[in-house]
Amino acid sequence: MFEHVDAYPGDPILTLNENFQKDPRSRKVNLSIGIYFDADGQIPVMHAVRDAEAALKIGAKPYLPMVGMDAYRDGVQSLVFGADHPARAAGRIATVQTLGGSGALKVGADFIRRYFPNAQVWLSDPSWENHRFIFERAGFTVNTYPYYDAATGGLKFDVMLASIDALPKGSVVLLHACCHNPTGVDLDEAQWQKLIDVLETRELLPFVDMAYQGFGAGLDSDAFAVREIARRGLPAFIANSFSKNFSLYGERVGGLSVVCEDADAAARVLGQLASAVRSNYSSPPLHGAQIVAAVLSSPALRRQWEEELASMCRRIARMRQTIHDGLRDHVQGEALTRYVKQRGMFTYTGLTEPQVAALRDEHGVYVLRSGRMCVAGLNDSNVGIVADAIAAVLKSGV
Ligand code: LMR
């Protein structure tokens, strides 16, 4: 019966993370998956989350509505767009609670596939590996547009813009709002404005993935592109996630917001998003949404959460500087400065596949095959080990 089922080669991120857990070496370092670990190498439970969770009344566990919990959906919208955004006031944003950011991408992909069956999808080169899997499985042809410049560790903005400017009307353009995964290279605000001009003129459909809000230049600045796209009246899909900024990975807390031309369209879109949820997994889970809604709706908890998030970012910045300094004698030019210049949880190290394999096999240091390093996994105890391991691998000439 199952002879034609081929073996799963594994996921480039999740399987590597699982392999790390099985690695018996005690000096191993996990810089593979996009998880923020604290100074002690633990996944933190944020105080705001702990306090909100402690105050939850344990009671009945009903199904949530297909679109999710109202207070949570309102929290998503006000964090993503800003509480006073005109698109919100006009009721032209349809928001559903989703199973993390991946769930938002899948629900959005199913919706687009159904209503725009001829559209193709365009991802940055490179992009988060799962973007391609999600959109291909939803039935799309997936293409790429130029993005990362390996020679400079920066952005090929002009080439990117020209390529997007040549896409057929109605193409879906997947964009990263901030802290680009895997490269850590973002557009600045002037570049976003130029890109939004092109999206508007060419009548393209932006699908913005915002999984790292708060890890770049701050909660509001990181949402610049999303808010500007909505302000200028472009239809758009926004996937957001609280996995990282609330440290709630396993609770699967995310949201999908569709910016529409008016409230009537938003109501119809919301209904069809509910239908997409129903046909995927019926309705979203309760617990994580209760926590996020409680934090975002309480001024005191929200302030505490923002302070904790800011201190996580400061620790990442310090680790970026420390690894940069540790590699100063071994790596030169852009290959070195990218450790401090790239933003968010990731640095695209430029290490080759054989170098990545040597780092893992000989030194117990795990980064992705693409060379992506999660700098949020560095701490004072392991950063020296990592710098020495990279230096040794580079010296070995692998
Ligand atoms: C990552 O990119 O490592 C994270 O977003 C985790 C994942 O699901 O891939």
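This is a predicted model: local features need pLDDT of at least 70, side-chain atom pairs count only at pLDDT 80 or more; totals for chains, interfaces and linings use all residues.
**Stop 1: the ligand and its neighbours**

Start by selecting the ligand, then show the residues that surround it: Ile-13, Ile-33, Gly-34, Trp-128, Asn-181, Tyr-212, Lys-244 and Arg-372. Colour this shell by class and you will find four nonpolar, two polar and two charged residues.

**Stop 2**

Now zoom in on the oxygen atoms of the ligand. Move on to Asn-181, where an N or O atom of the side chain is 3.0 Å from a ligand oxygen. Then pick Arg-372, whose side chain places an N or O atom 2.8 Å from an oxygen atom of the ligand. How much of the ligand does the protein bury? On its own the ligand exposes 260 Å², and the protein buries 83% of that.

**Stop 3: the largest pocket**

Hide the ligand for a moment and look at the space around it. The volume of the largest pocket is about 1,200 Å³. Its lining is made of 48 residues, and those nearest the centre are Asp-11, Ile-13, Leu-14, Trp-128 and Asn-130. Next, select helix H1 (14-22), helix H5 (100-115), helix H6 (129-137) and helix H15 (353-363), the elements that give two or more residues to this lining. Which of them gives the largest share? Highlight H6, which supplies seven residues to the lining of the largest pocket. Coloured by class, the lining of this pocket shows 21 nonpolar, 15 polar and twelve charged residues.

**Stop 4: the second largest pocket**

Finally, turn to the second largest pocket, with a volume of about 400 Å³. It is lined by 19 residues; select Phe-116, Leu-205, Pro-235, Phe-237 and Glu-261 to find the ones closest to its centre. Show H5 again, together with strand S9 (236-241), strand S10 (253-259) and helix H11 (263-280): each supplies at least two residues of the lining of the second largest pocket. With four residues, H11 gives the most to this lining. Colour the lining of the second largest pocket by class, and you will see 13 nonpolar, two polar and four charged residues.

Terms used
Residues are numbered from 1 along each chain as its sequence is written. Side-chain values use heavy atoms; hydrogens and water are left out. A residue is near a molecule or strand if one of its heavy atoms lies within 4 Å of it. A polar contact is a pair of N or O atoms within 3.5 Å; within protein, one must be able to donate a hydrogen and the other to accept it, and residues adjacent in sequence count only if both atoms are side-chain atoms. Accessible areas come from the Shrake-Rupley method with a 1.4 Å probe; for residues, only the protein chains shown count as cover. Ala, Val, Leu, Ile, Met, Phe, Trp, Tyr, Cys and Pro count as nonpolar, Asp, Glu, Lys and Arg as charged, and the others, Gly among them, as polar. On a 1 Å grid over the protein atoms alone, a cavity is a set of points where a 1.4 Å probe fits but cannot get out, and a pocket is an open set with protein on both sides within 12 Å along at least five of seven lines; lining residues have an atom within 4 Å of a point. Grid points are joined across faces, edges and corners, and a volume is the space filled by probe spheres set on the points.
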